[in-house]
Each structure stands twice: as C-alpha cells, then as structure tokens.
Amino acid sequence: MNSIASLIDRFNFQVPFGRWQLFEFCDLDIVPDLVKHCCQNTLTAQWTKRLPFIQRQSPAELAADAVLSAINSLNDVETEEWTVIDFCSGAGGPIPYIEALVNDSRKLEGKKPIPFRLSDLHPNLDAWIKHAALSDNLSFVPQAVDASYPPFSVISATTPGDKDAALKAGYSSNGSKVFRIFCLSFHHFDDEAARRVLKSTLETSDAFAIIELQDRRIGSLFLMVLDFWLVLFTTVFWFWDDWMHLLLTYGLPVLPAVHSFDGFVSCLRTRTFEETVRLIEDVQGGSLSAHEKEDEGSVSLRRQWQFSHARALHTWPLGYMEVIFGRRVDE
C-alpha cells in the first residue's frame, strides 16, 4: 500500500507560482463564532478519528509520534525541566490527544512526563478548562498570547546569549526550557508576521515544531475538494448528538463548504521547508553555505540552531503531514 502511495507521489507535483496568502473564512470577523466553533470541532475530529482503510492511524497519533521523537532527541530532556507550549491553540485541537499519547509513551519507557500548555491570542477558556481537567500534565495560559511578542509565562528560562536582551525588551522567564508547537497554525501568518514569530521563537525558546497536515501539492488540493463530501459523510457519525452541527451540515451545508474552502486555501498558504529556512535566514541575517548543509532535509544555521524536515503519509494515497523541527545545539 505504501509502495503504491510512493509511486503516486512521484507525480504529485507542487503547484507553481509560490505561496498564496489569500484568506480563510474562519479567520474573518464577519463569520459567526458558532460557525467557527463547529469548524474547529470538525477539524479536531479529523485530527483524532481514524478513517477506515485509508488511514493506518489518526493524524493526531502520527503527530504525537513526531513530537515524541523530537522531545526524546533533546539531549537534556531527562535532566532539565521542559515545557511544551502550543501556540494558536483555538479550542485545543489535537494537542490534548498528543499530550496524552506522548506522556503515555514516556511513562511506559519509565521517563518523566512533559508538561503541555495551550495558548492563543483569543483564549478559549471554556474548552481549555475541560481539557485540562482530564490530565495532570495539560494546562493553559489564561491571558492572550501573541506568538510574536509572548508574555513571561511562555518564555524559556535558559535562552543562551539573548536572555538579557529579551529581558530588556520586556520578556521574562517561565522557569523552564520551552518547546514551542505550531499545530496547523503557522500557515496563517503572512511572511512579515512569520518572521516576527520566528524571531521570537529563536530568541526565547529552545526547540520548536511546525506541524501541517497539508502541502502545496496537487494531491493535497484534490483531497481538500473531496473534503466537502467527507464532512457530509462523517458528520452524522461524529456529531449525531449535536443538532446545530447537523443543521449546518445537512440543512444548509455551510460547514462542508467552509471547511473545504479553508482547507484548499490552507494548502496554498503552506510553506515548504526551504521557504521556512529562507525566513529564518532573513531573521538571523545570514545564509546557508555549502558546508552547513547536512543530510537531506536537515540544515544547521549559525547561532546554535539546527533545523530538520520530515514528511509522512497520513491519508492514503495523497495526504501528507509536514513537520519542521528546530532545536538549539552546542557550538
């Protein structure tokens, strides 16, 4: 099955003309909160439910494997205090599930749990309180969190070199090392905002992961067109007890239309690994030289950071998860 998917992927070319910013309906103020919340719930279900035959595991399980591997690769994760902080959490998305899967795996390995925290520019406290009540290792930041200028509670205590500058700029420390996660959110930032977010990340955290369930390839775009019909098919099974969700799906198909359109635009907004690296180069004021390139999909930049990229099939045969991982390394 994977060999067939690999063969198909050879013809799954990237859409030309670069990244398009465009807009998503759920980003607009004119869209009612009720519609946005239903769309968030649909997206969470698509993260956490496994579709028979075309998914070997749910996307959240696949993402949890990537996050667990990244966490375990940190040299001092067992000797230092680390906190994973999700930015742009919305209603929580897959993070509560990822946290449970990561810490369950670490518990089986006899390792200490890693605290996770939810954050957002517009905190959804009602949803977060429910999630946090189900886990000792999941909490949230109740104040608004701007990923480009974060409050003291999400700043690393041990950011080398830039700590004094960060404190003078108004940053303060949360008492542990910080692993930032942008889970299906980084593509929302335009290039200028993305540079500010990356600058903040490199200055005030110790590792980060950007996780996207889509890319700019024709296969991903095709799946988003089909997503209209997928939402129609799955809603009655996933939300049979939510009359408003059913009404907005079958009475007036707002949710399938919005979800499919926003997913299509998300594909066109998603950056490649190389495009993300170029933004980091802009932030750091340098460029890669030949000797800084390591194995395929991995590069080291100056100022003690290393970046890598992974791609994994989540929905057969065209749906791929993209993960960009960055961490501080010793010079």
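**Reading strands, salt bridges and cavities in a predicted model**

Q: In which sense do S5 and S8 pair, and over how many bridges?

A: In this predicted model, S5 and S8 pair in the antiparallel sense, and 6 bridges join them. To read such a pairing residue by residue, look for the residues that stand opposite one another: Ala-207, for example, stands opposite Arg-327 in S8.

Q: Which strand pairs with S8 over 10 bridges, and in what sense?

A: That strand is S7, residues 305-315, which pairs with S8, residues 319-328, in the antiparallel sense over 10 bridges. Two of the partners can be followed in the structure: Gln-306 has Arg-327 of S8 as its bridge partner, and Ala-310 has Val-323 of S8.

Q: How many residues lie between S7 and S8?

A: There are 3 residues between S7 and S8, and the two strands form a hairpin.

Q: Is S8 mostly covered or mostly open, and how many of its residues are buried?

A: A residue counts as buried when its relative accessible area is under 20%. For S8, 9 of the 10 residues are buried, and the strand is mostly covered.

Q: How many cavities of 30 Å³ or more are there, and how much space lies in the largest cavity?

A: The count comes to 2 cavities of 30 Å³ or more, and the largest cavity holds about 90 Å³ of space. The largest cavity is lined by 13 residues, of which Ile-210, Glu-212, Thr-270, Arg-271 and Ile-324 are the closest to its centre. Two or more lining residues come from each of strand S5 (207-212), helix H11 (273-284) and S8. S8 contributes the largest share of this lining, with 3 residues.

Q: How many salt bridges are there, and which residue forms one with Arg-269?

A: A pair of this kind is read by the distance from a side-chain nitrogen to a carboxyl oxygen, with a cut-off of 4 Å, and the count comes to 17 salt bridges. Arg-269 forms one of them with Asp-27, with 3.1 Å between the closest N and O atoms. Because Arg-269 lies in helix H10 (residues 254-269) and Asp-27 in the loop between helix H1 (2-9) and helix H2 (33-48), the pair ties together parts that are 242 residues apart in sequence.

Q: What do the side chains of Arg-195 and Asp-282 meet in?

A: The side chains of Arg-195 and Asp-282 meet in a salt bridge, at 3.1 Å from N to O. Arg-195 lies in helix H7 (residues 191-204) and Asp-282 in helix H11, so the pair ties together parts that are 87 residues apart in sequence. Both ends are partly exposed, Arg-195 with a relative accessible area of 26% and Asp-282 at 45% relative accessibility.

Q: Which residue forms a salt bridge with Asp-215, and how far apart are the closest N and O atoms?

A: Asp-215 forms a salt bridge with Arg-311, and the closest N and O atoms are 3.7 Å apart. This pair links distant parts of the chain, since Asp-215 is in the loop between S5 and H8 while Arg-311 is in strand S7, 96 residues apart. At 6% relative accessibility Asp-215 counts as buried, whereas Arg-311, with a relative accessible area of 27%, is partly exposed. Salt bridges with shared partners join Asp-9, Asp-215, Arg-217, Arg-311 and Glu-322 into one network.

Q: Which residues form a nonpolar patch on the surface?

A: The patch is formed by Phe-233, Val-236, Phe-237 and Tyr-250, which together have about 440 Å² of accessible area. Helix H8 (residues 218-238) gives the largest share of the patch, 3 residues. Phe-233 lies in this helix, and its relative accessible area is 57%, so Phe-233 is exposed.

Q: Where is Pro-123 found?

A: Pro-123 is found in the loop between strand S2 (116-118) and helix H5 (125-132), and it is partly exposed, with a relative accessible area of 28%. The C-alpha atoms of Pro-123 and Val-141 are separated by 7.9 Å, and the two residues are 18 residues apart along the chain.

Definitions and conventions
Residues are numbered from 1 along each chain as its sequence is written. This is a predicted model: local features need pLDDT of at least 70, side-chain atom pairs count only at pLDDT 80 or more; totals for chains, interfaces and linings use all residues. Side-chain values use heavy atoms; hydrogens and water are left out. Two strands pair if DSSP finds at least two bridges between them. Helices (H or I, at least four residues) and strands (E, at least two) are DSSP runs, numbered from the N terminus. Patches are made of residues with over 30% relative accessible area and no salt bridge: like charges are joined within 9 Å, nonpolar side chains (Val, Leu, Ile, Met, Phe, Trp, Tyr) within 5 Å. Accessible areas come from the Shrake-Rupley method with a 1.4 Å probe; for residues, only the protein chains shown count as cover. Buried means under 20% relative accessible area, exposed over 50%, partly exposed in between (1.4 Å probe, protein chains only). On a 1 Å grid over the protein atoms alone, a cavity is a set of points where a 1.4 Å probe fits but cannot get out, and a pocket is an open set with protein on both sides within 12 Å along at least five of seven lines; lining residues have an atom within 4 Å of a point. Grid points are joined across faces, edges and corners, and a volume is the space filled by probe spheres set on the points.
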